[in-house]
Amino acid sequence: MKKPLIMTPGPTEVHEEVRRAMAKDITNPDLDPNFFEYYKETCEKLKKLLKTKEDVLILDGEGILGLEAACASIIEPGDRMLCIDNGIFGKGFGDFGKIYGAQVVYFKGDYRKGIDIKELESFLEKDHDFKLATLVHCETPSGITNPIDKICPLLRRYGIISVVDSVSAIGGEPIEVDKWQIDIALGGSQKCISAPPGLTFLSISEIAWDAILNRRAPIASFYCNLAVWKNWYQEKWFPYTQPISNIYGLNCAIDRILEEDNHIERHKKIAQGVRDAIIKSGLELYPINGHSNTVTTILVPGGVTFDEINNHMIEEYNIMIAGAFDYLKDKVIRIGHMGENCYEEKIYITLKALDKTLKEYGIKIDGSLHKHFVNTQQ
Ligand SMILES: *Cc1c(COP(=O)(O)O)cnc(C)c1O
């Protein structure tokens with residue numbers, strides 16, 4: 001199998017240093033006191049990335065585990081939950097809420113735009129009796145980033161616990177957990193962090209801990225129960241055996257991010273360049289506003305199908321891009337410029353291959369995608 005260049009919006013390319021870190025010799029992570037320190041140190045590094053002094057945990061499961069654990073641990077049957085929905089992941093949060101007995105109320109935004117804070121403000125003026133609200137930082141399938149810096153403080157003013165899915169944003173979009181008053185911020189290893197899939201991590205505010213630890217109804221899960229983690233360090237006890245090799249990889253991947261002067265600027269510049277190239281070439285972006293730093297979503301032009309583009313990209317150039325699913329299936333092409341993918345050379349060869357592919361199928365392009373892109377990076 002010849003490994004393709006993975007230019008998808010997660011999982012992303014993994015740096016050799018991270019792969020080597022994962023190959024290190026292991027100890028017994030349940031019993032070795034050094035491992036408790038190592039796990040704590042990894043959480044401390046995540047705190048730097050998230051700009052928080054609150055607790056951070058790493059859980060053994062893909063990003064979805066974090067979303068479900070937050071819902072399972074906070075929601076009690078009958079609680080009202082506000083589901084802020086302007087995309088597939090936003091809406092999907094409502095389903096997790098229902099599994100754990102929430103009465104879910106949807107605030108539905110335009111699916112091609114970031115959440116309009118004014119509209120949310122007027123909605124909350126009329127109805128704000130919610131225990132929690134769920135929202136998505138970057139809607140990965142549509143490439144839209146939501147203004148969580150404005151939404152979370154607004155929710156806090158109404159005493160609503162904010163649960164933010166930032167899986168595809170952390171490491172590529174700005175996030176300031178404490179300043180923005182985010183109660184739970186959720187991340188995953190396989191997006192901008194550029195470690196292999198398999199880990200989720202989250203920050204938990206005092207307010208969120210209070211809701212988790214002072215419930216009337218018990219938490220209807222063990223693996224999704226965050227309360228069992230409360231004193232892991234004091235008691236030197238993990239609720240289950242930790243995936244030590246994955247945590248080695250995560251620790252190394254975070255080091256790579258923290259060592260860089262400004263990883264957010266790099267994502268911003270590349271994302272802007274990709275969008276400029278798309279627009280100059282006459283193609284159309286899916287989002288109308290709220291363009292993501294980490295993924296670009298392009299409408300499939302008339303006269304070609306997503307499968308044709310995708311197959312040609314793989315067969316001729318060995319480059320893997322992504323389509324989308326649900327209501328966006330076959331409608332968009334996505335390029336992930338996250339973490340290790342987010343470098344000029346990788347984007348250049350991806351856009352060059354996409355340019356040639358589209359031309360091969362007779363699609364009219366003004367100039368060349370890759371040349372437009374290079375001009376934006378001077
Ligand atoms: C990737 C991602 C997740 C994790 O879900 P998978 O599709 O299973 O990888 C959760 N939320 C968002 C916004 C994501 O992009």
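A nitrogen atom of the ligand lies 2.6 Å from an N or O atom in the side chain of Asp165 in this predicted model. A polar contact is a pair of N or O atoms within 3.5 Å. Oxygen atoms of the ligand also take part. One is 2.3 Å from an N or O atom in the Thr140 side chain. An oxygen atom of the ligand is 2.7 Å from an N or O atom in the side chain of Lys191. Alone, the ligand exposes 370 Å², and the protein buries 80% of that (Shrake-Rupley method, 1.4 Å probe).

The residues around the ligand (a heavy atom within 4 Å) include Glu62, Ile64, Phe89 and Cys138. The shell divides into 4 nonpolar, 3 polar and 3 charged residues. Here Asp, Glu, Lys and Arg count as charged. Ala, Val, Leu, Ile, Met, Phe, Trp, Tyr, Cys and Pro count as nonpolar, and the others, Gly among them, as polar.

Two backbone features fall in loops. A cis peptide bond joins Gly10 and Pro11, with omega about -15°. Pro11 sits in the loop between strand E1 (5-6) and helix H1 (16-22). Gln181 is not a glycine, yet has a positive phi of about 60°. Its loop runs between strand E8 (161-165) and strand E9 (184-188). Helices (H or I, at least four residues) and strands (E, at least two) are DSSP runs, numbered from the N terminus.

Residues are numbered from 1 along each chain as its sequence is written. Local features need pLDDT of at least 70, side-chain atom pairs count only at pLDDT 80 or more, totals for chains, interfaces and linings use all residues, and side-chain values use heavy atoms, without hydrogens and water.

Conventions: A polar contact is a pair of N or O atoms within 3.5 Å; within protein, one must be able to donate a hydrogen and the other to accept it, and residues adjacent in sequence count only if both atoms are side-chain atoms.
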